[in-house]
Amino acid sequence: MPGNVQELDPASFGNALDLGDRLVIVEFYTSTCSNCAALAPVYEALSLEMGREASFTRVNAASNPTIAASFGIMGVPTIKFFCRGRPIGDIVGEVNATLLRNTIKDFIRHRAECVSKSTVLRPEIDGYG
């Protein structure tokens with residue numbers, strides 16, 4: 001997929017999560033998932049809009065089952081949010097552009113808390129940005 005979304009595989013996955021203080025967003029998808037296909041242009045547009053504040057990545061769960069299983073991915077699309085390599089939240093299933101944008105804004109807004117704490121951040125994410 002062109003643009004700011006980086007396709008990950010087992011060799012690149014660990015390095016992609018280790019971006020220091022930057023929020024990392026990982027979309028787990030499959031090529032046969034119609035909801036994933038519908039989400040792809042939305043995710044790409046958000047990566048172009050918010051790429052300076054977060055890293056947008058994706059993993060084909062069918063091609064990389066070990067990565068998907070290590071994060072308990074049971075269905076696609078699933079979007080997981082990471083801070084300092086730790087998962088801090090997720091969205092499972094189809095989601096509209098507004099809710100996804102606002103959820104990303106929520107995680108960006110709470111990023112400083114995640115960076116400063118050694119425990120997993122559990123901010124109140126309301127989807128209203």
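The entries below go from the sheet to a helix and then to the cores.

**Ground rules.** This is a predicted model, where local features need pLDDT of at least 70, side-chain atom pairs count only at pLDDT 80 or more, and totals for chains, interfaces and linings use all residues. Residues are numbered from 1 along each chain as its sequence is written, and side-chain values use heavy atoms, with hydrogens and water left out.

**Sheet.** I took helices (H or I, at least four residues) and strands (E, at least two) as DSSP runs, numbered from the N terminus. I counted two strands as paired if DSSP finds at least two bridges between them. I found 5 strands in an open sheet, in the order β1-β3-β2-β4-β5, with mixed pairing. β1 and β5 are the edge strands, and each pairs on one side only.

**Strand β3.** I followed its partners next. β1 (residues 6-7) runs parallel to β3, joined by 2 bridges. Gln-6 has Thr-57 as its bridge partner in β3. β2 also runs parallel to β3, with 7 bridges between them. There Glu-27 is partnered with Arg-58, and Phe-28 stands opposite Val-59.

How many residues of β3 are buried? I count 7 of 7, where buried means under 20% relative accessible area (exposed is over 50%, partly exposed in between; 1.4 Å probe, protein chains only). Both faces are covered: Ala-54, Phe-56, Arg-58 and Asn-60 lie on one side, and Ser-55, Thr-57 and Val-59 on the other.

**Helix α2.** I checked its length. The expected span is 1.5 Å times one less than the number of residues, so the 17 residues of α2 (residues 34-50) should span 24 Å; the end C-alpha atoms are 25 Å apart, which agrees. I noted a bend of about 30° at Ala-40, with Pro-41 following within four residues. The bend is the angle between axes fitted to the seven residues ending there and the seven starting there. The buried residues of α2 include Cys-36, Leu-39, Tyr-43 and Met-50. They pack against β2 (23-29), β3 (54-60), β4 (78-83) and α4 (97-109).

**Cores.** I used nonpolar cores: sets of buried Ala, Val, Leu, Ile, Met, Phe, Trp, Tyr and Cys residues joined through side-chain atoms within 4.5 Å. The largest has 20 residues; Leu-23, Ile-25, Phe-56, Phe-81, Leu-100 and Ile-104 touch the most other members. Apart from it lies another core, of 13 residues, among them Phe-13 and Val-26.

How values were computed:
Contact means heavy atoms within 4.5 Å.
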